[in-house]
Amino acid sequence: MERGGGRGKRGGAGSGGDRGRGGGRGSSQGRSHVGPSQSGSQKSHIGTGHHSGRGGGTGSWGSGNCWGRGASFAQVVSQRPSVSPQQAPDPVVTEMQSLTLSEHVPPSSSSPENIGRLVPIKRSDVGTNAMRKVSLRANHFPINFMAEKMIWHYDVDIKLQRPHRDGRPLKKPQFDLSMIRNKLSLDDPINFPLEMTAYDGKKNLFSVVELPTGEFAVKLFEVSYVVSLKLVNGLKFSKDYLSGTGKVLSVHRDILQAMDLAMKENPKRYATQFSHQGDDLGRGIIACREPRYRLKPTSHCLALVLDYSVLPFTKPIPVIDFLKQHIYGFNINDFDRFADQVKEALKELKVYRTYLQFKQRNVIAGLANSARQISFTITDLKGNAPPRDVLLVDYFRDKYNLEITYKDIPCLDLGRNNHVPLEFCVLAERQRYPKENLDKNAEKQLRGLSLAPAKEREKIICELVRAKDGPCGGGIARNFGIAVDMNMTKVTGRVISPPELKVGVPGGRWTRIQLNNEKCDWNLVQKHVVEGKLIERWAVLDFTCSEFNCHQFITKLNGRCETLGIHMKEPLLYQAAAMSQLNNVNKISELLEGIKDRSYHKGKGHLQFILCVMATQHPGYKYLKWISETRVGIITQCCLSTNKMNDQYLALLAININAKLGGSNVELLRPLPGFESKGHVMFVGADVNHPGSKNSTNPSIAAVTASMNWPAANHYAARVRPQDPRTEKIQDFKEMCLEHLEAYVKLNKVGPDKIMIFRDGVSEGQFDMVLNEELSGLKGAFRSMNYFPTITLVVAQKRHLTRFFPETKEDGNSKGNVPTGTVVDTTVDDFSRFNFYLCSHFGSIGTSKPTHYQVLWDEHGFTSDGIQQLIYSMCFTSAQCTKPISLIPPVYYADLAAYRGRLYQEALMDWHSRASPASSSSSSSQSNTAAFDKALYKLCPNLENAMFFI
């Protein structure tokens, strides 16, 4: 629903959201906006009776008796051994000592945490529950290799023959280092056969023949280098690793690296033949399919997992031609008028110089003076002639027999006083163009190309695996003894049953809702939400400049809220404003503070939320959210006046507002699988949002969400922190979790004795960090409090390459995708861990992408069926839509919260840079410092337990 100025990220069709991510490609996952309660905690009962309904006390989210009865923190802490002076008690303990906890179950003394480092657990069984089974094909291509094949691993070091005077090391991009390696093979093909080696462009080279070691001279682009080769070890392909049809026992990391590089060599060598073939997006940009692949050991075999992305690239065309296409109205004879646009368009692009006999990439550093104005000194290195000054125009005429046509326009600055006329430069191939810089038409076209239907995607993948420029083409893989089966792997999927849901009906009662058989969605026609909030004090902020009948819209929204059981009174205040006011932080602050104060006096109470109606998406949206949530303390709900104000849209907007204010839209009819016994459970989600790939100074944004009610477990709070750039470890994970625990105890008067943690955004190589730094740190904090909840930790991965395709029409849904609720935990799963793939959403657009769940730690004793059913059931509890989503809510909400933190960072950096009258470098430094100030991300107290982020 929130479409104020958001940057879209894989939004589901037919839905809204501050940012769309949920469904992924092929998902029609809905989005709207939901939010928090501002009412604070109220009294609740502590008893042993069964929960009838929602639970968690009579506070913001429900009523009824809590499950279980436990000792207070004061009682628990009093039994602790005395704390040494070096062990200061956690500050959260003091706050919670007078509160109660439900019963805890201490971990076994033989658990791994008491023995040594934590390691990912292994699966004890395979799931069997299924409504029906389906036959699928996975984009996993089995790999066979020649047993007992030897591969030699070498360390590569490339240096300048004549080092820099200041002693600084050689810094070359991978592309240039690969060219130096290729030149070595070209100079001595017998000792260094190119087709027998694979190089990572850094330090590692693998070969299927023994290479000479030592130092070797290579001259490239008139520069002399020394290439040092040192043997690391010899690797042997053992038949025990895999057989292609048997079970993988183990694959040495170096073996995998060697095979992976061998598969990458062929596409890398074809990269320089990249042409302008592709779908033209306009403005000198094309969309091309970029193969993505990796080698993956599975329980069936070692497999090549192959998929593709459709990405925008700049055309490899002459620079002047690119400028004519990219800049509207560009006229080279009126260059000065377009100079700023030219600088922005060419910033950091790589070019080749057409007058050279070899292809050397140079990065554009900026614009220099015109060719007619540039002169430089030529020195005879042999000393036969004195130094002389020469004009650039004369230099090109004398040395290359080239006449510069455009003498009066700026040249390109390629660094180190290397100035070249634009007409002699061609853009290098395979240069990614930022998606965020595409215009709306190009963005729409790119999205359409990316969302290929399942049948089309399967066909393209099968073509890529057979392509001559693909990973299986050429002779390199074959020389390494690798053979790839060109047929996809057949797997069996299980379609598990959806949960039973309840919604409200007129009269304050609830009823079980009927799900659609195929999509597993539901509608709210003649239905109520489970708990509709009474909305008495709210305001309207209209940015449409009277171009939209806002009063008619408010009347329709009021009516739709009433039919859903959400009682909304007339707004206390209506305020018109210009969209231009969103550009000024101070004006936004004054505007919101004024609305807040006037509404308080008029309504005799604090404002519940402001509905912000916008004419279009606007970059000032980030200022609005940052100011309202960290300074003013008001929930805002944004919507676009251009949306169709039909019944479905109004319903999504209404349930979003209801959830933001602490209401409950839909709940599971029965207790969550695995947690049927008494005792509170808290669900935690964690994610990190990193800055752009070329940004190494802005902070990463970490977010941790946690459920605040039980047993509904559908209301979440979020904590957001900036941290070191591009750091995946959540540096304040323990502190944010303890803050959530404190809030949970205050709201429910009882603490959770079971905690489920869902972690997003980490790869297999970071599992040790998650277990032995994030989880161990949290468990250590709990131990210091004599608090021992049982914990399960699950990683949810969306950035993987596995796709599933129905084998027959009967095995799929009406859109050609796998059915909703499809689980795969055999054949293509990771043989060494407790993991499975789940497609929990209905794929209506493109090709469905499952989520890969990996259970790293489990103190609850989940079976495969149990954890699969739990996660699938929770996917139905999203506060933003009436359908199951593709990612379990704790993680999905953490992703939204981290993105909200990114908006805060962008807003405060813009604000600081505009407010500082100092030089640009000083202003930039101050802005960057502010971006790491945690206080500037701190929410107003009344929003800390609110779902402000959806």
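This is a predicted model: local features need pLDDT of at least 70, side-chain atom pairs count only at pLDDT 80 or more; totals for chains, interfaces and linings use all residues.
I started at β30, where the bridge partner of Ser700 is Gln723. Residues are numbered from 1 along each chain as its sequence is written, and side-chain values use heavy atoms, with hydrogens and water left out.

**Entry 1: β29 and its neighbours**

My element names follow DSSP runs, numbered from the N terminus: helices are H or I of at least four residues, strands are E of at least two. I call two strands paired if DSSP finds at least two bridges between them. β29 and β30 pass, antiparallel, with eight bridges. I then checked β28 (residues 681-689), which pairs with β29 in the antiparallel sense over six bridges. Val688 has Ala702 of β29 as its bridge partner.

Next I asked how many residues of β29 are buried. Eight of its eight residues are, and the strand is mostly covered. Buried here means under 20% relative accessible area, exposed means over 50%, and partly exposed lies in between (1.4 Å probe, protein chains only). I sorted the side chains by direction. Ser700, Ala702, Val704 and Ala706 point one way from β29. Ile701, Ala703, Thr705 and Ser707 point the other way, and all are buried. In a regular strand the side chains alternate between the two faces of the sheet.

I followed the loop between β29 (700-707) and β30 (716-723) and found Pro711 there. A cis peptide bond joins Trp710 and Pro711, with omega about 10 degrees.

**Entry 2: a three-stranded sheet**

I traced an open sheet of three strands in the order β13-β16-β17, with antiparallel pairing. Which strands are at the edges? They are β13 (366-370) and β17 (419-420), each pairing on one side only. I counted two bridges between β16 (residues 410-413) and β17. Leu412 has Val420 in β17 as its bridge partner.

Of the 27 residues of α18, 20 are buried, so the helix is largely enclosed by the rest of the structure.

I repeated the span check on α4 (residues 253-270). Its 18 residues should span 26 Å, and the end C-alpha atoms are 27 Å apart, which agrees. I found a bend of about 30 degrees at Lys264 in α4, with a proline, Pro267, following within four residues. The bend is the angle between axes fitted to the seven residues ending at a residue and the seven starting there. Buried residues of α4 include Ile255, Leu256, Met259, Leu261, Met263 and Pro267.

**Entry 3: cavities**

Grid points are joined across faces, edges and corners, and volume is the space filled by probe spheres set on the points. I found five cavities of 30 Å³ or more.

I listed its lining, which includes Val156, Ile180, Arg181, Phe192, Thr197 and Leu229. β3 (150-160), α3 (174-187) and β7 (223-236) each give two or more residues to this lining. Which element gives the largest share? α3 does, with four residues. By class, the lining has nine nonpolar residues, two polar and one charged. I count Ala, Val, Leu, Ile, Met, Phe, Trp, Tyr, Cys and Pro as nonpolar, Asp, Glu, Lys and Arg as charged, and the others, Gly among them, as polar.

**Entry 4: torsions and one contact**

I noted Arg430, not a glycine, with a positive phi of about 55 degrees. I placed Arg430 in the loop between β18 (425-427) and α8 (440-450). Its relative accessibility is 28%, so Arg430 counts as partly exposed.

Lys749, also not a glycine, has a positive phi of about 60 degrees. I placed Lys749 in the loop between α15 (733-748) and β31 (754-760). At 23% relative accessibility, Lys749 counts as partly exposed.

Last, I checked Arg478 in helix α10 (residues 476-479). Is Arg478 buried or exposed? At 59% relative accessibility, Arg478 counts as exposed. Its C-alpha atom is separated by 9.8 Å from that of Glu195, 283 residues apart along the chain.

Notes
On a 1 Å grid over the protein atoms alone, a cavity is a set of points where a 1.4 Å probe fits but cannot get out, and a pocket is an open set with protein on both sides within 12 Å along at least five of seven lines; lining residues have an atom within 4 Å of a point. The expected span of a helix is 1.5 Å times one less than its number of residues.
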